[in-house]
Amino acid sequence: MELKQSLSTHLETEKPLRRYGAVEQTAWTAEGLGRNQLDIISMAETTMMPEEIELEMAKIQRLREVLVRRESELRFMMDDIQLCNDIMDLKQELQNLVAIPEKEKTKLQKQREDELIQKIHKLVQKRDFLVDDAEVERLRLPSREESRTPT
């Protein structure tokens, strides 16, 4: 959501993206522009002032930060989904063993039951740590909207 907002804001408020050419094609002329030639960076079809370049670089950096944050969130989500799937598989196997009457269980089945309980417990703990890490990460890198102060 944050990425979509950032991109739509960028597209609505920005000039169209500029294409840059090779250094050999660069024209270093400032005729008729009323600017000092040293203040102009001209590449192929575009002439940009250093301030414009810095502004565009800052916008790209903000977009990069949004993308890195989103990538991190998606990684946490994928890990969480995988852990939940593993837990569900083990629970299903445990349910099948629990459904067998206690008197009819073999020693191997009882051991497997205990083993499954241990594995489920470890996976639940691992998921708890993952959720805690995701929360710490979320608090560490507040989104642009959360970090803005009202003006």
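The protein chain of this predicted model holds four helices and two strands, where helices (H or I, at least four residues) and strands (E, at least two) are DSSP runs numbered from the N terminus. Read from the N terminus on, the order of the elements is α-β-β-α-α-α. Residues are numbered from 1 along each chain as its sequence is written, and side-chain values use heavy atoms, with hydrogens and water left out. Because the model is predicted, local features need pLDDT of at least 70 and side-chain atom pairs count only at pLDDT 80 or more, while totals for chains, interfaces and linings use all residues.

Taken as a whole, the chain has 151 residues, of which 17% are buried; buried means under 20% relative accessible area, exposed over 50%, and partly exposed in between, with a 1.4 Å probe and protein chains only. Its accessible surface comes to about 12,100 Å², and carbon and sulfur atoms account for 57% of that area (Shrake-Rupley method, 1.4 Å probe). Among contacts with a separation of 6 or more, 54% join residues 24 or more positions apart, a contact being heavy atoms within 4.5 Å.

The largest nonpolar core has nine residues: Leu 83, Ile 87, Leu 90, Leu 94, Leu 97, Leu 116, Ile 120, Leu 123 and Leu 130. Such a core is a set of buried Ala, Val, Leu, Ile, Met, Phe, Trp, Tyr and Cys residues joined through side-chain atoms within 4.5 Å. Two or more of the core residues come from each of α2 and α3, and α2 gives the most, with five. Leaving aside neighbours within four places in sequence, Leu 97 touches Lys 105, Gln 109, Arg 112, Glu 113 and Leu 116.

Helix α2 also holds Cys 84, which counts as partly exposed because its relative accessibility is 27%. The C-alpha atom of Cys 84 is 8.0 Å from that of Arg 127, although 43 residues separate the two along the chain.

The second largest pocket has a volume of about 260 Å³. A pocket is an open set of points on a 1 Å grid where a 1.4 Å probe fits, with protein on both sides within 12 Å along at least five of seven lines, and lining residues have an atom within 4 Å of a point; the volume is the space filled by probe spheres set on the points. Its lining has 13 residues, with Glu 73, Phe 76, Met 77, Ala 134 and Arg 138 nearest the centre. Helices α2 (50–98) and α3 (107–140) each supply at least two lining residues, and the largest share, seven, comes from α2.
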